[in-house]
Amino acid sequence: MTTPPTPLLAQPTDGPSIQIGALVPLTRPGWTEAGRHLLAGLELAARDINDTGGIAGKPLELIVRDTAADPHTAAAAVDELAHLGVTALAGEYHSVVARAAATRADALGLPYLCSSAVLDTLTDQPTEWVARLSPPQSRGWQTYADFLLGAGHTHIAIAAEPSLYWASGTRILRDHLTKHGATVTELDLRTPTPTAVCDALADRHATALLLLAGHPEPAVPIVKAVRTDQRLSNVLIGAPAGQPEFTEWATQLGDDGAAIPFLRYLPEHLTPLGTRAEKALSEHLAQAPSFVAFEGYDTITVLAQLLRPHSTNRPRTAPSWPHVSVEGTRGQIQFSRTPGISVWQWTWPPIQIVDRDPVKPDHFRILHTG
């Protein structure tokens, strides 16, 4: 049973507050553990900013809305928050949900810093209103493909559920892997049972299975089936989207959940700010913070600098993205335009491929950096 988090209470400052709308998946079908970590990072950064005088002497206030991993709910929340007069938007973990929020924020002229979503095209057209901290999917997932190739995997199966996010990931992996001589088998998870997935892996002589699927269903049953199938004892299971990052994965799978590489966005060493934030987040969450918690902290840190010169003036805030330069928990954060990316992008966020250590499943091993 997870220990309830202790509250992150900010010290009040004088005057009217500067309000930021926070979009977070806190209920199913969202990845609620990711949402809890994201919110912890957002709240801790807001508390730290208020403890040091707020933004131009005004307190920072978060107005939190649960997206429940639903794009329509997120878009409605953006409308509501804009009506309430928030100065900017922060957060979200799920890429398809963040895309809906970014599209609506762009239409309303509301600055939005996306914390954790990776879809390359968060908006259909280039926008001045939206920026992002996490690396674009094309960069992160190509790094993952390079890791597989470097480990000698040339027969790879991708088992994917239908969605824009999984389809985009499949395309990135397939194109990069086949370009370098690997063969890729695509399995549609709308119909196959875990047993059928195992049969397909054996028939195709796959050496790696990439799970582009929701957690716990259908990912957990598939992992269990592959781990117990003697034909597949040497098959690597991979989860690029990061499902093994969270304790729920380890709780449900135990030893079977170890040695499954995934992407996370942490450097080898946190900055001094990151080290301080890590301690506070660990106390609050009663466990080690995931990379998503640091993304949340960095989001508010960046927005605080962005808003200081202009306070609540939205039109004057949006052009300031390329002028941001701030130390976050994971490095110096600056934004630029990246070819093929429609929003302002943190130029070089850190990328790691890690897994849970089979000897100590609560510890992570760094396998590759990009």
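Predicted model: local features only at pLDDT ≥ 70, side-chain atom pairs only at ≥ 80, totals over all residues.
Helix 9 covers residues 272-285. Its 14 residues, at 1.5 Å a residue, should span 20 Å, and this agrees with the 20 Å between its end C-alpha atoms.

Which residues of helix 9 are buried? They are Leu-273, Gly-274, Ala-277, Ala-280, Leu-281, His-284 and Leu-285. Viewed down the axis of helix 9, these buried residues fall within an arc of 130°, so they line one face of the helix. The face turned away from that buried side carries exposed residues, namely Pro-272, Arg-276, Lys-279 and Glu-283. What do the buried residues of helix 9 pack against? Their partners are helix 1 (32-51), helix 10 and strand 11 (325-327).

Two packed helices are described by the angle between their axes and the distance between the axes. For helix 9 and helix 10 (residues 291-307), the angle is about 120° and the axes are 11 Å apart. Their crossing is right-handed. On the helix 9 side, the contact is made by Leu-273, Gly-274, Ala-277, Glu-278 and Leu-281, while helix 10 supplies Ala-293, Phe-294 and Tyr-297. By type, the residues of this contact divide into six nonpolar, one polar and one charged.

Next comes the backbone. Most residues other than glycine have a negative phi, and most peptide bonds are trans. Several places in this model depart from that pattern. Just after helix 9, Ala-286 takes a positive phi of about 60°. Ala-56 has a positive phi of about 55° and lies in the loop between helix 1 and strand 2 (60-66). With a relative accessible area of 59%, Ala-56 is exposed. Glu-92 also has a positive phi, of about 80°. The loop that holds Glu-92 runs between strand 3 (88-91) and helix 3. Is Glu-92 buried or exposed? Its relative accessibility is 0%, so Glu-92 counts as buried.

One joins Arg-28 and Pro-29, with omega about 10°, and Pro-29 lies in the loop between strand 1 (18-24) and helix 1. Another runs from His-215 to Pro-216, with omega near 10°. Pro-216 is found in the loop between strand 8 (208-212) and helix 7 (219-228).

The last stop is Ser-95, in helix 3 (residues 95-108). Ser-95 has a relative accessible area of 7% and is therefore buried. Leaving aside neighbours within four places in sequence, Ser-95 is in contact with Ala-117, Val-118, Leu-119, Leu-122 and Tyr-165.

Methods: Residues numbered from 1 in each chain as written. Heavy atoms only, no water. Axes fitted to C-alpha atoms, helices over the stretch in contact; angles between N-to-C directions. Helix = DSSP H or I, 4+ residues; strand = E, 2+ residues; numbered from the N terminus. Left-handed = near helix turned anticlockwise from the far one by under 90°. Contact = heavy atoms within 4.5 Å. Nonpolar A, V, L, I, M, F, W, Y, C, P; charged D, E, K, R; others polar. Expected span 1.5 Å × (residues − 1). Buried < 20%, exposed > 50% of the residue type's maximum accessible area, 1.4 Å probe, protein only. Arc of directions from axis to C-beta.
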